[in-house]
Amino acid sequence: DWSMAAYRAETIAKIRAQVGTGRVICGLSGGVDSAVAAVLIHEAIGDQLTCVFVDHGLMRMNEAEEVVRLFRDSYNIPLVHVEAEELFLTELGKCGADPEAKRKTIGRLFIEVFDEEARKLGGADFLAQGTLYPDVIESVSFSGGPSVTIKSHHNVGGLPERMKMKLVEPLRELFKDEVRVLGRELGLPEAFVGRHPFPGPGLAIRCPGEITKEKLDILRKADAIYLEEIRKAGLYDVIWQAFAVLLPVRTVGVMGDHRTYDHVLALRAVTSVDGMTADFYPYDMAFLGRTATRIINEVKGINRVVYDVTSKPPGTIEWE
Ligand code: XMP
């Protein structure tokens with residue numbers, strides 16, 4: 001892509017001019033945006049960049065290992081992998097079911113852990129973030145004027161003031177589809193570049209109610225099966241985002257000659273251009289039936305599956 005090659009060269013020059021000989025820290029979330037930002041910055045300034053991956057235990061199946069492997073082994077980018085699952089789950093366990101309390105706790109812990117790692121690395125002059133254009137607009141319109149904050153986003157704001165670092169945000173002018181083109185341009189594997197967006201607070205906001213490790217493990221298994229079925233049906237790239245939500249509701253079911261009393265799982269899939277508006281994906285019923293059967297048969301703790309047919313607006317993509 002010609003224009004993206006030009007953007008890449010231009011942005012690399014800008015990063016070099018901005019950073020000079022300074023040190024940069026980049027938080028990796030496991031998502032496409034922070035990965036593309038990190039690879040671009042690494043191309044610009046090499047080992048002046050260190051990446052920090054705070055593993056909050058709220059990632060999907062195998063996701064943390066994939067991120068570490070990609071960065072450390074394929075790209076040779078210095079990476080600090082912080083295993084903070086226990087801390088996050090302990091603190092989340094104290095917040096109860098309130099979605100904003102969960103988001104704020106995750107945001108606060110993320111800053112604390114990141115801060116400590118930055119200090120251990122001897123500090124840095126710049127903080128790199130994979131902020132996109134829609135993140136900029138959504139956070140401005142959410143916090144500007146008398147309008148209400150719909151959800152506190154955890155990748156914009158907070159960190160920089162407290163850490164006295166300047167921001168490097170090389171994707172600030174791009175939309176998601178453009179970030180993907182740039183990622184391909186940078187040689188990131190297709191399987192990574194084509195990934196659905198994943199929110200910073202991770203599975204915590206896909207587990208309404210109180211968070212426990214047990215619930216997260218159930219959700220991870222169900223989510224992996226759902227995504228596998230989507231890939232098998234050739235639908236992954238048609239859908240903007242698809243995921244499972246483990247509901248804090250139990251219903252009665254029957255398995256063989258036993259009565260069961262287990263969780264309900266909701267499946268979500270939407271099409272979208274930038275995440276700001278979205279339509280639910282019109283699966284055929286055979287797909288939904290097949291997926292529900294597999295999940296109920298293979299995941300202990302779930303005995304009912306429902307499909308979310310809400311678009312955005314009025315719904316949001318995530319449930320919390
Ligand atoms: P909603 O649920 O607001 O989500 O319709 C729009 C898009 O943003 C993602 N999302 C987040 N991403 N930190 C992120 O990095 C967050 O706190 C966050 N909350 C929602 C969501 O997955 C969807 O792609």
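Predicted model: local features only at pLDDT ≥ 70, side-chain atom pairs only at ≥ 80, totals over all residues.
Me: How far apart are the C-alpha atoms of Arg231 and Glu66?

Reply: Along the chain, Arg231 and Glu66 are 165 residues apart.

Me: How many residues of domain 2 are in contact with domain 1?

Reply: The domain assignment gives domain 1 as 2–193 and domain 2 as 212–307, and their C-alpha centres lie 28 Å apart. On the side of domain 1 that touches domain 2 there are five nonpolar, no polar and three charged residues. Eight residues of domain 1 take part in these contacts, and the number of residues on the domain 2 side is eight.

Me: What distance should helix α2 span, given its number of residues?

Reply: Helix α2 runs over residues 32–45, which makes 14 residues, and each is counted at 1.5 Å. The expected span is 1.5 Å times one less than the number of residues.

Me: How many residues of α2 are buried?

Reply: To be buried, a residue needs 20 or more other C-beta atoms within 10 Å of its own. Helix α2 is mostly covered by this test, and of its 14 residues the number buried is 13.

Me: Which element gives the most residues to the largest nonpolar core?

Reply: The largest nonpolar core has 77 residues, and those with the most contacts inside it include Val24, Cys26, Val36 and Ala38. Cys26, leaving aside its neighbours within four places in sequence, is in contact with residues among them Ala37, Ala38 and Ile41. The core draws at least three residues from each of domain 1 and domain 2. With ten residues, the element that gives the most to this core is α2.

Me: Why does Gly30 count as buried?

Reply: Gly30 is placed in the loop between β1 (24–28) and α2, and an unreviewed UniProt entry lists this glycine under "binding site". Beyond its neighbours within four places in sequence, Gly30 is in contact with Met59, Glu63, Ala64, Val67 and Phe198. A residue with 20 or more other C-beta atoms within 10 Å is buried, and Gly30 counts as buried because its number of C-beta neighbours inside 10 Å is 24.

Me: Which residues does Gly31 touch, not counting residues up to four places away in sequence?

Reply: Gly31 is also placed in the loop between β1 and α2, and it is buried, with 20 other C-beta atoms within 10 Å. When residues up to four places away in sequence are not counted, the residues that Gly31 touches are Pro197 and Phe198.

Me: What is the phi of Asn62, a residue other than glycine?

Reply: Asn62 is found in the loop between β2 (49–55) and α3 (63–74), and with 11 C-beta neighbours inside 10 Å it counts as exposed. Its phi is positive, with a value near 65 degrees.

Notes: Residues numbered from 1 in each chain as written. Domains from an automatic or database assignment. Contact = placed C-beta atoms within 7 Å. Nonpolar A, V, L, I, M, F, W, Y, C, P; charged D, E, K, R; others polar. Helix = DSSP H or I, 4+ residues; strand = E, 2+ residues; numbered from the N terminus. Buried ≥ 20, exposed ≤ 12 C-beta atoms within 10 Å, placed from the backbone. UniProt positions renumbered as here; feature names shortened; annotations may be inferred. Core = buried A, V, L, I, M, F, W, Y, C linked by C-beta atoms within 7 Å.
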